[in-house]
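The sequence and the model come first, and the account follows.

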Amino acid sequence: MHADTTMKYFVREDYSVMHAYRFSEETGEPIGEANYCGYANGSHWARGTSWAIYGFAIAYGYTGKTEYMDMAMKLLDKFMSECGGGVPVWDFRLPAFAEKALDTSSAAITLCGILEIEKHKKNNTFHKYKEMLRASLEKY
């Protein structure tokens, strides 16, 4: 249920990931996006995307639900296109004036997600992504 809720409410149509989503404590009805770690509502928090990649790959391993693996791979493609294959900035939608601090934790978590995906899928793209992130992390 957690993976399904995350897929429905946290992942946007463009495969960007928001930090949080609020629900009514009384009714459980959805309220809307919230933000506690990304730059702002509407931003694309890198570490949240990393955890989503890893989490959906793990969920696939336990359930065999193809939609979880499909989501992990789409999020990975989005992540890698946003960061150019290296260590990402902490939020992909930072305004021009914001500090562009790098998030090595996000890169490491994504690398774990790639390793989990590779347990189930053999694909040269994943190997390429893995090597790009590994090489980028070795600089730190």
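A pocket, as the word is used here, is an open set of grid points at which a 1.4 Å probe fits, with protein on both sides within 12 Å along at least five of seven lines. The model under discussion is a predicted one, and its largest pocket holds about 240 Å³ of space. This pocket is lined by 14 residues, of which His 2, Thr 6, Gly 48, Trp 51 and Ala 52 are the closest to its centre. Two elements, α1 (2–9) and α2 (46–63), each give two or more residues to the lining, and α2 gives the most, with 6 residues. In terms of class, the lining of the largest pocket comprises 9 nonpolar and 5 polar residues, while charged residues are absent from it.

**Helix packing**

Helix α1, which takes part in the lining of the pocket, also packs against another helix, and two further pairs are described beside it in the table.

| Helix pair | Axis distance | Crossing angle |
|---|---|---|
| α1 and α3 (residues 66–83) | within 11 Å | roughly 45 degrees |
| α3 and α5 | 12 Å | about 45 degrees |
| α4 (residues 104–120) and α5 (residues 124–138) | within 10 Å | roughly 150 degrees |

The axes of α1 and α3 cross at roughly 45 degrees, and the two helices are therefore oblique to each other, with a crossing that is left-handed. On the α1 side the contact is made by Ala 3, Asp 4 and Met 7, and on the α3 side by Glu 67, Tyr 68 and Met 71.

The contact of α3 with α5 has 8 nonpolar residues, 1 polar and 1 charged.

How are α4 and α5 oriented to each other, given that their axes cross at roughly 150 degrees? Angles over 145 degrees count as roughly antiparallel, and α4 and α5 are therefore roughly antiparallel to each other. Their crossing is left-handed. From α4, Thr 104, Ala 107, Ala 108, Thr 110, Leu 111, Ile 114, Leu 115, Ile 117 and Glu 118 meet Phe 126, His 127, Tyr 129, Lys 130, Leu 133, Arg 134 and Leu 137 from α5. By class, this contact has 10 nonpolar, 3 polar and 3 charged residues.

Key
Residues numbered from 1 in each chain as written. Predicted model: local features only at pLDDT ≥ 70, side-chain atom pairs only at ≥ 80, totals over all residues. Heavy atoms only, no water. Axes fitted to C-alpha atoms, helices over the stretch in contact; angles between N-to-C directions. Helix = DSSP H or I, 4+ residues; strand = E, 2+ residues; numbered from the N terminus. Parallel < 35°, antiparallel > 145°, perpendicular 65-115°, else oblique. Left-handed = near helix turned anticlockwise from the far one by under 90°. Contact = heavy atoms within 4.5 Å. Nonpolar A, V, L, I, M, F, W, Y, C, P; charged D, E, K, R; others polar. 1 Å grid on protein atoms, 1.4 Å probe; cavity = no way out; pocket = protein on both sides within 12 Å on 5 of 7 lines; lining within 4 Å. Points joined across faces, edges and corners; volume = space filled by probe spheres on them.
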